[in-house]
Amino acid sequence: MTETKQILIIEDEKPVTYALDEVLRGHGCALISTTNGQEGLALALKLHPDLIVLDMIMPIMDGPATLENLRRDEWGKNAKVLILTNLTDDEKKKKVLAMGALGYIVKSDISISELGELIQKLLV
Amino acid sequence: MLNGLEKIALNTFSDDLAKTIDLGEAIDVVNKYIWELLNYSVAVYSVYNYQDSRFETRVYSKEAVSDKYIAQTKKIVDDFIIENASKMPVGAVSSITKKPAPLLFGIHTDVNNPAEVRSSFVIPVAIGSNFVGALCITSTQNFNFKPDDVDLVSLFLKIAGISIARIQSFLQSVNSSTESLIQSISNGVIMFDNQAKVTLANEAAMRYTGLPKEGYDLKELTKLFTNINLFATIEESLDKSQSIKIPRAQISQFWYEVAVLPVRNYNSEIIGGAIILHDITHVVEVDKAKTEFVSLASHQLRTPLSAIRWYTELLLDGTQGPLLEDQKKFLEVINESNLRMIELVGSLLNASRIELGTFAIDPKDIDLIEISKSLIVELEPYLKEKNLKVVERYDENLRKYFGDPGLLRIIFQNLLSNAVKYSLENNTVNFSIEEGTESNMILIKVHDEGLGIPKKQQGMVFTKLFRADNVKTSVPDGNGLGLYIVKSIVEEVGGKIWLESEEDHGTTFFVHIPKVGMKEKKGSKPLEVTKLR
C-alpha cells in the first residue's frame with residue numbers, strides 16, 4: 001500500500017477542482033481545495049501538502065502573490081507548485097517560473113488525462 | 001546713348017539675372033557683360049553678404065597685372081566703402097578687415113609686370129535701396145574710361161541690384177508664409193540647419209519639448225527621447241538624403257510618431273532638416289488597453305472551454321459508465337468543435353497581437369531540422385487518418401539557426417497542418433529546408449497534392465479570415481487566420497512568403513527566412529504556440 005499523497009488545489013473555478021478530483025481520486029491522492037490565494041496560503045503552511053496546484057487569477061490574493069508569500073516560508077520555499085491557469089501572459093509566466101514553479105500549464109491546452117498523469121509524475 | 005550691342009546685352013542680361021538670387025553669382029553675371037563691353041585691366045567687387053555677415057571680394061583680371069596692382073585696385077574699393085560706412089548695414093564695415101581671401105577670375109597675375117593703376121572709377125553696389133559694397137574698375141592706361149562707360153556699368157549694377165532685391169523680397173514673403181504655415185500646424189515642427197542648430201520650432205513643438213523657439217543645439221532636443229536615438233536617425237536621414245519615420249518615440253510619459261526629413265535649398269542642396277512630431281499618446285494608451293483586454297478576454301473564453309474539454313473527455317473515457325454508440329459519436333463532435341474553438345481563441349489572440357504590433361521576437365540558437373521533425377511527429381495521427389506520406393528533405397548545413405523557436409513552430413505548424421488538411425487520401429506531402437533562391441535566404445518549402453487554391457483566389461489566401469471557395473464546405477475546420485498569421489510573422493522577421501497552386505493538383509508554399517537569423521524585437525507579448533491536437 002503506497003502512502004496517500006496530499007494535493008492542495010488553489011482554484012476559484014469549481015469545475016476545475018471537480019475534474020481534478022475525478023481523475024486523481026483512487027490514485028493514492030487526497031485533494032484539499034480552496035478558492036482564493038489567502039486561504040490557500042494558510043492551508044499550505046498548515047498542512048504542508050505534497051503538491052500545490054495554483055491558479056493565476058483569483059480573488060483576494062492571486063497566484064503570483066500566493067507563490068511569493070509561500071516562498072518566504074521555511075517549508076514553503078521548497079514546496080512543489082504547479083501553475084494551472086488559462087492566462088497566457090508571458091511576463092507573469094516567467095515570473096512564476098523564476099519563483100520555482102514546476103510548470104505553467106494552460107488548462108485549455110491539456111487533456112484531463114494528460115494533466116492527471118503529469119500531476120502523478122510530479123508527486124513521485 | 002546705348003549702342004545696338006549694349007541694347008542686346010541689356011536684354012539678355014535681365015534674363016540671366018532672373019536665374020540667380022545669390023549675390024556672388026549675380027556679380028559673375030554682371031561681370032560677364034562688362035568684360036565683353038568694356039576695355040579694362042582689373043575689376044574688383046567687394047560686397048557685404050548678409051547671410052554670413054562678411055564681405056566677399058571678387059577680382060576679375062583681363063590683363064596679367066601684378067599682385068601689387070590688384071592690391072591697389074582693392075584699396076580703392078575698401079577706401080570707398082569706409083568713406084560710405086554710414087550707408088552700410090550696422091557692423092558691416094567693422095567686418096571689412098575680416099574679409100576672406102578674394103576669389104580670382106580671369107588672366108593670371110604676372111609679378112614682373114611693372115604696370116600701375118593709371119585710370120579708375122568706383123561705383124557703389126546696392127540691393128534695392130541698401131548700399132552693400134562697391135565695384136572698382138582700373139586700367140593700366142591713362143584716361144581709359146569715358147563717362148558713358150561709367151554710366152553703362154552703373155546701369156548694369158542697378159539692374160542687378162533691383163533684380164536681386166525683388167527676388168529676395170519674394171523669397172522673404174515665401175519664407176514668412178512658410179513660417180506662418182508651420183506655426184499653424186497642429187503637429188510639432190522643428191527646423192534645423194546644417195550646423196545642428198534649431199532655427200524654428202512651432203507652438204506645438206515648444207509645448208511637446210519645453211524648449212524655446214530657436215537658437216539651441218539639436219542635441220538638447222534629441223536627448224529628450226528616452227527610447228530612441230533621434231540624433232543618429234537625423235544623421236542617417238541627411239546622409240541618405242531621405243525622410244525617415246519612427247513609429248513610436250517617447251518623451252517622458254508622452255508618445256510621438258516622428259518624421260525626420262532633409263530640407264533643400266533652391267539648388268537642391270541639403271541645408272538642414274525638419275522634425276515633425278505627431279502626438280500619439282492617446283493611440284498608445286488605447287492600444288495598451290486593447291492588448292490587456294484581449295489577454296483577459298482570451299482567459300475568460302478559455303475558462304468554460306477547458307471545462308467543456310475536460311468533462312467531455314471524462315465522459316468519453318468510459319469511467320462514468322458505458323456510452324451508447326450515438327452518445328459517443330455526439331460527444332466526439334462536441335469535443336472536436338470545442339478543440340477548434342480553443343484553437344480559434346489562440347489564433348484570435350495572435351492576430352490581435354499582430355495587429356497591435358505588440359508581438360515579441362526572441363531569437364535563440366536553435367536546430368531548424370529538429371523543430372520540423374518534432375512537428376511532423378505531432379502530425380502522426382492525422383497522417384495515419386488519411387494514409388499520407390511525408391517526404392522530408394533537409395540541407396544539413398542549414399540545421400543551426402538563430403531564430404525564435406515559437407514563431408518558427410507557428411510557421412511550420414500552420415503550413416504543415418494546411419498541407420495535411422487539404423490533402424486527399426494516400427497523397428504525399430513534401431517538406432524541405434534548403435538554400436533560398438536569394439543567396440541570403442533559407443527556403444522552406446511545403447508541397448501537397450491536394451485540393452489546391454482557385455487561381456483567382458490565390459491573391460487573397462493571406463488575408464484575415466479568408467477561406468477559399470473550394471474548401472469552405474469540404475474542409476470546414478479552418479478559421480482563415482493561419483496564413484495571415486504566418487505571413488505577418490515571416491514579414492516581421494525579414495522574410496517572404498509566396499505560393500504556387502493549381503486547383504485539384506495541390507499547392508506549394510515557399511517561405512524565405514533570412515540566413516543571418518532573426519533580429520530581437522521586444523514586444524509586450526510573444527505569440528501563442530498551440531500544440532497540435
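A residue counts as buried when its relative accessible area is under 20%, as exposed when it is over 50%, and as partly exposed in between. Keep that in mind for the tour. One more thing before you click: this is a predicted model.

**Stop 1: chain A**

Trace the chain from the N terminus and the elements go β-α-β-α-β-α-β-α-β-α. Chain A has 124 residues, and 49% of them count as buried. Now think about who touches whom: among contacts between residues at least 6 apart in sequence, 62% join residues at least 24 apart.

**Stop 2: two helices in chain B**

Next, select residues 4-18 of chain B, which make up helix H1, together with residues 147-184 of chain B, helix H4. How are the two arranged? Two packed helices are described by the angle between their axes and the distance between the axes. Here the angle is about 25° and the axes are 10 Å apart. Angles under 35 degrees count as roughly parallel, and H1(B) and H4(B) are therefore roughly parallel to each other. The crossing of H1(B) past H4(B) is right-handed.

Show the side chains where they meet. On the H1(B) side, pick out B:Glu6, B:Ala9, B:Leu10, B:Phe13, B:Leu17 and B:Ala18. Facing them from H4(B) are residues including B:Leu152, B:Phe156, B:Ile159 and B:Ser163. Colour this contact by type and you get 11 nonpolar residues, 1 polar and 1 charged.

**Stop 3: aromatic rings**

Time for the rings. Over all chains, the whole structure holds 12 aromatic pairs. Go to B:Tyr394 and B:Phe431 for an edge-to-face pair, with 6.1 Å from centre to centre and 65° between the planes. B:Tyr394 sits in strand S12 of chain B and B:Phe431 in strand S14 of chain B, so this pair links parts of the chain 37 residues apart. Both B:Tyr394 and B:Phe431 are buried.

Now jump to B:Trp498 and B:Phe510, a stacked pair with centres 5.3 Å apart and 10° between the planes. B:Trp498 belongs to strand S16 of chain B and B:Phe510 to strand S17 of chain B, 12 residues apart.

Is B:Trp498 buried or partly exposed? Its relative accessibility is 24%, so B:Trp498 counts as partly exposed.

**Last stop: a cluster**

Finish by selecting B:Tyr45, B:Tyr60 and B:Phe105, which form one aromatic cluster.

Key. Residues numbered from 1 in each chain as written. Chains lettered and ligands numbered in written order. Predicted model: local features only at pLDDT ≥ 70, side-chain atom pairs only at ≥ 80, totals over all residues. Heavy atoms only, no water. Axes fitted to C-alpha atoms, helices over the stretch in contact; angles between N-to-C directions. Helix = DSSP H or I, 4+ residues; strand = E, 2+ residues; numbered from the N terminus. Parallel < 35°, antiparallel > 145°, perpendicular 65-115°, else oblique. Left-handed = near helix turned anticlockwise from the far one by under 90°. Contact = heavy atoms within 4.5 Å. Nonpolar A, V, L, I, M, F, W, Y, C, P; charged D, E, K, R; others polar. Phe/Tyr/Trp six-rings, centres within 6.5 Å; stacked < 30°, edge-to-face > 60°. Buried < 20%, exposed > 50% of the residue type's maximum accessible area, 1.4 Å probe, protein only.
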